[in-house]
Amino acid sequence: MTLIRKQLYVIAARSFFVFTLLLMLVSQAGVSITSWPEIKGKLVPELDRKALSVSTSLSTKIARALDYGVPLEELSGVDIFFDEVLEQTEGISYLALSKLDGTVIFSRGIDAKALEQGLLTSFEVITSTLGNPVVMTVMGSTASSSTTRSYRNTAVKVFQQEEIEKALVHVGFDPGYAERKVSDLKYDVAIVLFASLLIGFEILLAVLTGNFIGPLKAVANRIDLMTCGNFSGTTTSASGGIAAGLNARLDRIIRQINESYSSTFEAARRLPQSAAQSAALSLKSISERFHIDQVTDPQAIAGDVVRIRILTFIFMFASMLSRPFLPVYLSEIVDSSSVLSPELSSSIPITVYLACMALSMPYAGRWSDRHGRRNSYMLGALLMAAGLLSTALTGNFWVLLVSRAVEGIGYAVLFMSCQGYVVDNTSAENRSQGVATFVSAIMVSEVCAPAVGGVLADSMGFSGVLIVATLLSLFSLPLAWKLLSKNGSASGPKERSQDSKVSTGSRSPLRNSRFMAISIFAAIPAKILLSGFLIFLTPVVLAKFGSSTSEIGRFAITYGIIALVAMPIFSMIGDRYQCHFQLVIAGGLVSGISMLPIAFEPSSRMVLLGILGLGLGQAMSISSQLTLISRFVQAVDDPENASSALGIFRLIERIGGALGPVIAGIIALRMGPVGAIPILGAVMVSSTIFCLMIIIWLRKRDERIAQ
Amino acid sequence: MKFSRRDILRASVAGALGMSLEHLHAANGKPFRIYMILFRGETPVEAGFTDYFRSKGIAAEFIVRNVDRDVNRVPELIREARSIRPDLIYLWGTPVTVAVCGAMGKVDPQKHVTDIPIVFTMVSSPEGAGLITKRGASGRNITGVSHVVPIERQIDAIRAYRSFNTLAVAFNPAESNSKQSVDELKEISRRAKFKLIEFPVPLDDKKRPIESSLPDLLSEIARQKPDYLYLGADSFLGQHRKVVTETALQLKVPVYSATEVMLRDGKALFGLVSPYRNVGQLAAYKASLILQGSRKPGEIEVETLPSFSYIVNMNIATQLNFYPSLKVVNFAEVIS
């Protein structure tokens with residue numbers, strides 16, 4: 001990095017980032033940590049209050065029966081009554097009715113004998129502090145261990161005719177249990193903290209680049225050009241803002257040079273004929289060598305690629321907000337039109353979405369090439385907003401399918417616009433960096449959005465979250481208008497993205513056996529696993545195990561975190577040791593094997609294991625797959641077809657992605673959603689092994705041919 | 001807690017419709033004339049019916065006739081009605097209603113009234129009586145209110161008192177609506193898995209129930225030791241309610257009644273019933289739709305009340321030493 005750049009913006013930008021993020025971290029952590037004891041401190045008194053009101057209301061109800069003349073021992077249906085109350089009241093552990101001397105007549109939620117003993121030991125205290133909680137220890141009821149649990153017991157008298165004491169109602173809860181449930185909240189807090197830091201980082205980056213780094217980078221580029229002897233003028237759009245003064249100075253220098261050149265040129269013209277000609281020639285060579293009197297479009301206008309980062313981040317965030325609960329939400333809507341079974345009919349909208357997305361990608365790319373990145377981005381954003389809004393509001397199955405299709409197409413258009421923009425504005429050297437920027441924006445939103453969506457869904461409901469997503473997509477419209485320049489479009493034909501087009505050379509990769517082996521037996525199963533397991537089955541299974549929506553979001557986030565962290569590591573390992581193939585195989589095995597344990601222990605822990613394995617395996621294999629594919633294609637076919645081959649690979653991949661939910665749904669019909677998971681894992685493992693065998697066979701065959 | 005857009009839409013449409021239905025102006029200023037044919041004199045149903053008109057300020061003139069349990073007096077009342085030409089005819093009970101309206105498919109315009117709107121009440125099973133083909137609107141000049149709670153709700157109500165395994169049912173086999181309830185009970189007993197024991201009242205050779213056989217019948221029932229004795233909307237048993245319920249009480253058999261009269265004027269233990277007043281009011285509401293809203297009776301649904309009264313006689317419970325569950329104690333209407 002040149003000194004100029006360091007002095008101009010690098011150090012400043014870095015320190016700014018670090019400072020701001022630290023500030024955010026410290027302030028949020030501070031608020032969370034200081035408010036935590038307060039939350040915990042309020043819990044027990046709240047439950048005490050609840051216990052008092054429950055016991056009072058129960059006592060009234062029992063008194064009514066007594067008032068009608070029902071003898072205390074003849075009360076019937078008390079346990080059913082208690083069960084109903086316990087079910088409706090969170091946090092209370094047990095209810096009991098006892099005589100005035102403490103003998104328990106009815107109890108639910110606790111063993112009667114154990115309660116009786118506990119009551120009798122603390123009886124003095126209880127009867128003297130009626131209406132107030134008393135800490136009471138109760139012997140454990142399990143035969144083997146003699147554990148003691150402590151409860152807070154609130155007792156209230158039951159009066160007949162409002163005067164005659166007849167019985168006592170006891171309401172109790174285990175404070176430790178309650179506290180443990182509240183502790184779960186801290187995960188939500190941590191996730192929101194983490195997500196907000198990431199989101200803050202993205203926004204910070206966008207704002208800073210636009211207003212600070214961008215202009216200064218442009219200036220640095222101009223200075224670089226000049227130090228290389230290029231004195232052309234520029235039609236720069238980065239002349240404003242913080243760099244205005246510097247740009248003006250540079251403009252002046254260039255103008256001076258150009259002016260002196262022109263005056264020299266004029267002077268040379270006035271020379272006698274022979275001298276004039278040779279002078280003209282020398283001047284011409286000077287002008288060419290130093291690019292005087294020319295205009296360059298500084299291609300490396302900084303921050304162009306970073307702009308796309310915030311735009312990518314926004315639309316990915318909007319589309320991923322609903323991921324934790326989408327299958328559950330869809331099955332709720334689909335309930336009303338019971339044409340097909342619930343498993344199948346909630347997976348179909350997901351498949352429609354993925355299929356429309358996959359199939360429209362090549363056409364979206366072509367469209368975006370022709371009409372410009374900004375226009376296509378805005379169209380995509382509108383389509384996505386329309387799809388999200390109508391998914392939020394409809395109750396009709398067919399309207400739902402159409403909305404999902406529209407959203408999928410919108411996503412494809414947005415994706416190809418952003419990808420195309422990256423390719424337009426990068427050259428062969430920094431393309432991988434540009435792609436990395438694009439991909440990391442995707443990964444960051446994959447990490448943040450599901451968690452935030454899950455937490456929001458608990459308070460505003462599923463439709464509410466979808467509406468928020470709609471608003472986000474709409475918000476990206478003015479942003480795109482501002483950030484994407486009009487000429488960031490079909491210009492630069494030489495740099496046009498080949499990935500997006502299905503070109504005429506499409507036959508050759510399909511005949512390449514290695515290409516097909518990797519595509520079909522490694523890439524497709526991986527995508528099936530991703531969409532079938534992570535997007536479709538996981539929310540359904542976790543909901544079955546009783547997880548709340550924010551819990552499901554937490555689970556979804558672990559995938560993103562693992563992938564985000566592991567991907568750069570593994571791609572670096574792959575590059576350094578050139579072990580791409582091994583990584584693809586290892587990644588497939590890791591993902592597949594981690595799906596199997598749930599067959600033995602159906603619990604949310606095993607789901608988490610599957611998610612972790614999936615994240616790790618995908619991180620291992622994704623970038624290596626792409627590298628292998630391009631390498632295979634280049635080795636055999638025309639090198640120029642490499643990028644169209646990549647496009648075809650993506651399409652094939654996405655077919656797998658589209659099929660995932662349907663396949664998972666069909667398996668779930670037979671084996672239930674929990675049983676479908678190990679089956680998917682087994683399929684992944686076997687197909688990975690099969691891929692391995694094919695490639696080895698191909699290798700052996702080539703060796704034999706070579707001999 | 002999410003309310004969907006659908007709910008809001010539905011609520012506002014319902015509100016708009018509701019408002020447009022209420023226009024209160026009597027036709028050409030004269031009071032409506034309502035011709036009432038009663039079976040056994042005035043009951044709380046009629047009180048509810050006439051009260052409705054009074055409370056809504058609808059001017060109406062009630063011409064009351066009582067057949068005093070003799071259906072054969074109906075034809076002369078029909079002749080009178082035809083000459084008076086009232087705005088509406090009100091009928092009480094199945095025998096009267098069938099005599100005036102005729103069963104579906106057997107309607108004779110000479111014998112039956114087909115050109116004056118009719119509102120009936122206290123018909124326990126309009127379908128069973130052949131008045132309508134299926135629950136809903138009749139498609140002809142009649143509509144009405146049935147006072148019998150749907151059988152499933154009744155079984156739930158019995159179970160709420162205390163769970164049971166055996167249910168005995170006594171009934172008059174000469175009454176078609178009683179036979180039909182017993183059939184329904186049989187059907188439910190299969191689904192809900194309880195035992196139903198039928199005790200038809202013995203009939204004489206003229207197919208009339210024998211009053212003197214009741215004590216023996218009840219002894220037989222007590223011997224079988226059912227958890228409850230079910231008494232449906234049976235006119236014969238209703239007529240002899242004192243004998244039936246008092247004997248049952250002596251024999252320590254808990255009695256469930258599907259009609260209010262057995263509870264308020266008999267010794268039944270408990271029941272889920274349509275309060276007669278409310279039945280009358282619902283019938284009056286339907287009458288007002290016909291008289292003021294110019295709705296046709298054939299378009300107005302024949303229905304039961306939307307909610308019922310759970311009545312428990314605590315004195316009887318004490319005498320039987322058989323108390324209701326805590327839940328029932330807290331929501332039932334307790335009488336002594």
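1. Buried here means under 20% relative accessible area. By that cut-off, buried residues account for 50% of chain A, which has 707 residues. This is a predicted model, and every point below should be read as such.

2. The fold of chain A comes next. Chain A holds 20 helices and seven strands. Take the contacts in chain A between residues at least 6 apart in sequence: 77% of them join residues at least 24 apart.

3. Now the interface of chain A and chain B. On the chain A side, 17 residues make contact; on the chain B side, 15 do. Interface size is often quoted as the accessible area lost when the parts come together. For chain A and chain B the buried area is about 1,500 Å². Carbon and sulfur atoms give 61% of that area.

4. How many salt bridges does the rule find across the interface of chain A and chain B? It finds one. The partners are Glu84(A) and Lys327(B), whose side chains meet with an N to O distance of 3.3 Å. The cut-off for a salt bridge is within 4 Å, so this pair qualifies. Polar contacts across the interface of chain A and chain B come to seven residue pairs, with both residues at pLDDT 80 or more.

5. Which elements of chain A supply the side that touches chain B? Helix 1 (3-67) and helix 2 (78-88) of chain A each bring at least two residues to that side. Helix 1 of chain A gives the largest share, four residues. By class, the side of chain A that touches chain B has nine nonpolar, five charged and three polar residues.

6. On to the aromatic residues. Over all chains, a search of the whole structure returns 29 aromatic pairs. One case is Phe53(B) with Phe62(B): the ring centres lie 5.7 Å apart and the planes stand at 75°, so the pair is edge-to-face. The cut-off for that label is over 60 degrees.

7. The two rings of that pair deserve a look at their accessibility. Phe53(B) has 1% relative accessibility and therefore counts as buried. Phe62(B) has 27%, so Phe62(B) counts as partly exposed.

8. Chain B also holds an aromatic cluster linked by ring pairs.

Notes
Residues numbered from 1 in each chain as written. Chains lettered and ligands numbered in written order. Predicted model: local features only at pLDDT ≥ 70, side-chain atom pairs only at ≥ 80, totals over all residues. Heavy atoms only, no water. Contact = heavy atoms within 4.5 Å. Buried area = accessible area lost by both parts, 1.4 Å probe. Polar contact = N/O pair within 3.5 Å; in protein donor to acceptor, adjacent residues only side chain to side chain. Nonpolar A, V, L, I, M, F, W, Y, C, P; charged D, E, K, R; others polar. Phe/Tyr/Trp six-rings, centres within 6.5 Å; stacked < 30°, edge-to-face > 60°. Buried < 20%, exposed > 50% of the residue type's maximum accessible area, 1.4 Å probe, protein only.
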